[in-house]
Amino acid sequence: MVSFFRRKKDKGAAAGTDGETRKGGLDIEALAAAFPKAPGAPESSNAATPDAAIPAAGTVADGDKPAPEAAPPIASDVPAHPVAPALPAQGAMQAPALSIDVAAPPPRVQEKPAAAPGKPGWRERLRGSGIARGLGGLFSRNPKLDDDLLDEIETALITADVGVTATTQLVEHLRKRMKAREFSDARALLVALRAELVALLQPVARPLVIDDRARPFVILTVGVNGVGKTTTIGKLARRYKDEGRSLMLAAGDTFRAAAVAQLQAWGERNGVPVIAQGQNADAASVAFDALQAAKARGVDVLIADTAGRLHTQQGLMAELGKIKRVLGKLDPAAPHEVLMVIDGTTGQNALSQLRQFHAAAGVTGLVVTKLDGSAKGGVVFALAREFGIPIRYAGIGERPEDLRVFDAEAFVDALLPGELGSA
Ligand SMILES: Nc1nc2c(ncn2[C@@H]2O[C@H](COP(=O)(O)OP(=O)(O)OP(=O)(O)O)[C@@H](O)[C@H]2O)c(=O)[nH]1
């Protein structure tokens with residue numbers, strides 16, 4: 001980092017290369033036509049399931065579970081920005097009548113489709129990202145292998161939200177190797193950069209494994225407002241349905257009326273039952289009802305939505321603990337996955353969001369959305385390095401099939417110039 005600023009001052013020249021990069025947004029529909037839909041994903045590793053960390057704000061007192069695994073050590077230099085308006089406090093209000101949309105879930109199918117490589121389309125969707133533009137422009141100029149090139153890489157990575165510490169470590173490591181004459185040219189350095197970026201992400205590229213012994217396997221989705229939780233639930237439901245699993249959804253975002261309607265509409269279109277109690281119902285009560293109904297029906301997967309909330313709103317964050325404890329009363333292992341949805345365009349603030357949600361709800365997996373379009377892309381590296389929490393899926397568009405199992409190599413290759421030949 002020191003070197004970065006020093007060299008910037010010395011040179012007085014801007015290192016950004018946007019002027020030479022590909023321009024314009026993506027025509028999603030054209031891309032959709034050009035690339036095949038990803039079917040089911042490989043599922044090879046286990047999801048940890050830490051429990052809630054903080055006392056509930058609500059009235060459910062028993063059923064508390066052991067303390068969660070401690071959050072990994074994390075840096076504290078991230079400013080917290082308000083992301084959304086406050087929600088009203090939810091008390092122990094009388095739950096409205098339970099409604100269940102849609103007829104019985106589809107029958108369980110034994111044969112599941114082949115796992116998806118998840119690679120087609122990554123590059124096309126991610127080419128507008130900050131890293132792709134920064135590094136793409138840089139290497140398209142056939143740069144010389146020298147300190148200036150490393151400085152420009154450093155600029156591109158920091159600008160793309162990779163984070164100062166991660167970027168500095170990475171670049172200084174490359175610099176050492178360059179001085180040791182490990183690289184014959186700039187392309188060799190690019191190959192090394194790719195390897196380093198993949199190595200950063202590989203440990204967190206752990207797909208979500210649906211444990212068939214859990215019936216249902218309960219996924220609780222959490223996150224701040226507008227990050228794409230409800231959309232992601234629709235995408236996940238489509239994916240699991242395509243895999244032959246029976247599903248139920250819990251409309252736990254009882255704050256935003258449109259969220260319940262959004263989920264119900266999705267359920268109707270796809271023949272997936274949705275448990276809802278309407279706006280302002282107690283979210284924990286919706287989750288409880290849904291789990292009861294899902295157990296009674298022998299459903300494979302229950303996905304519970306929750307209202308978006310600011311990570312700085314302690315009362316609302318505590319409500320997540322309450323939802324977890326209520327679920328735990330019906331199944332001590334539930335929720336089996338606390339899936340936090342993070343908006344990839346959020347930048348470094350995503351780190352403080354995850355820190356708070358992890359403390360409140362024991363996040364076990366991440367979905368990073370909106371990596372298509374204007375996302376800088378780098379926050380994925382920052383999240384991986386700071387927390388080590390598995391990144392289950394990447395949202396690379398708004399269509400149901402635009403949720404990919406997170407693949408470290410596909411992601412990095414999509415960000416780097418295509419001439420590497422590995423994309
Ligand atoms: N481009 C793009 N847009 C996305 C993606 N995922 C979600 N969106 C869009 O993001 C917007 C917000 O999505 P929602 O699913 O309503 O977000 P939410 O987190 O449920 O919102 P709250 O209920 O307010 O907390 C919608 O316009 C979605 O279409 C993605 O991967 N890429």
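Entry 1: I started with a facing pair: Phe217 stands opposite Val301 in β5. My labels follow DSSP, where helices are H or I runs of at least four residues, strands are E runs of at least two, and both are numbered from the N terminus. I noted that this is a predicted model, where local features need pLDDT of at least 70 and side-chain atom pairs count only at pLDDT 80 or more, while totals for chains, interfaces and linings use all residues. Residues are numbered from 1 along each chain as its sequence is written.

β2 and β5 run parallel and are joined by 4 bridges; strands pair here if DSSP finds at least two bridges between them. β3 also pairs with β5 in the parallel sense, again over 4 bridges. There, Leu249 stands opposite Ile303 in β5.

Are the faces of β5 covered or open? Both are covered, with Val301 and Ile303 buried on one side and Leu302 and Ala304 buried on the other. I count a residue as buried if 20 or more other C-beta atoms lie within 10 Å of its own, exposed if 12 or fewer, and partly exposed in between, with C-beta atoms placed from the backbone. In a regular strand the side chains alternate between the two faces of the sheet.

**Entry 2: helix α10.** I moved on to α10 (residues 283-297), which has 15 residues. From its first C-alpha to its last it reaches 21 Å, close to the 21 Å expected at 1.5 Å a residue; the expected span is 1.5 Å times one less than the number of residues. Its buried residues include Val286, Phe288, Asp289 and Leu291. They pack against β2, β3 (247-250), β4, β5 (301-304) and α11. Just after the helix, Gly298 takes a positive phi of about 65°.

**Entry 3: Pro273.** I found Pro273 in the loop between α9 (257-270) and β4 (274-276). Why does Pro273 count as buried? Because it has 24 C-beta neighbours inside 10 Å. I also checked it against Ala250, 23 residues apart along the chain: their C-alpha atoms are separated by 8.7 Å.

**Entry 4: helix α12.** Next I read α12 (residues 349-361), with 13 residues. Its reach is 18 Å from first C-alpha to last, close to the 18 Å expected. It is mostly covered, as 12 of its 13 residues are buried. Among them are Leu351, Leu354, Arg355, Phe357 and His358. The cover includes β2 (217-222), α11 (314-330), β6 (337-343) and α13 (379-387). Gly362 follows α12, and its phi is positive, near 60°.

**Entry 5: strand β8.** I then looked at β8 (residues 391-395), where 5 of its 5 residues are buried. β7 (residues 365-369) pairs with β8 in the parallel sense over 3 bridges, and Leu366 stands opposite Ile391. β9 (residues 403-405) pairs with β8 in the antiparallel sense over 3 bridges, and Gly395 stands opposite Leu403.

**Entry 6: the ligand.** Gly395 came up again here. Which residues are closest to the ligand? They are Gly228, Thr230, Thr231, Gly308 and Gly395, out of 21 residues that surround it. I sorted the shell by class and got 3 nonpolar, 11 polar and 7 charged residues. In this sorting, Ala, Val, Leu, Ile, Met, Phe, Trp, Tyr, Cys and Pro are nonpolar, Asp, Glu, Lys and Arg are charged, and the others, Gly among them, are polar.

**Entry 7: the two domains.** The domain assignment, which is automatic or from a database, gives domain 1 (2-9 + 122-204) and domain 2 (99-115 + 205-418). Their C-alpha centres lie 33 Å apart. I found 28 residues of domain 1 in contact with 35 residues of domain 2, where contact means C-beta atoms, placed from the backbone, within 7 Å. On the domain 1 side, α3 (122-126), α4 (130-140) and α7 (186-201) each give two or more residues. The largest share, 7 residues, comes from α4. That side divides into 17 nonpolar, 7 polar and 4 charged residues.

**Entry 8: the whole chain.** Last, I stepped back and noted 14 helices and 9 strands in the protein chain. Of its 423 residues, 52% count as buried.

Methods: A residue is near a molecule or strand if its C-beta atom, placed from the backbone, lies within 6 Å of it. Two residues are in contact if their C-beta atoms, placed from the backbone, lie within 7 Å.
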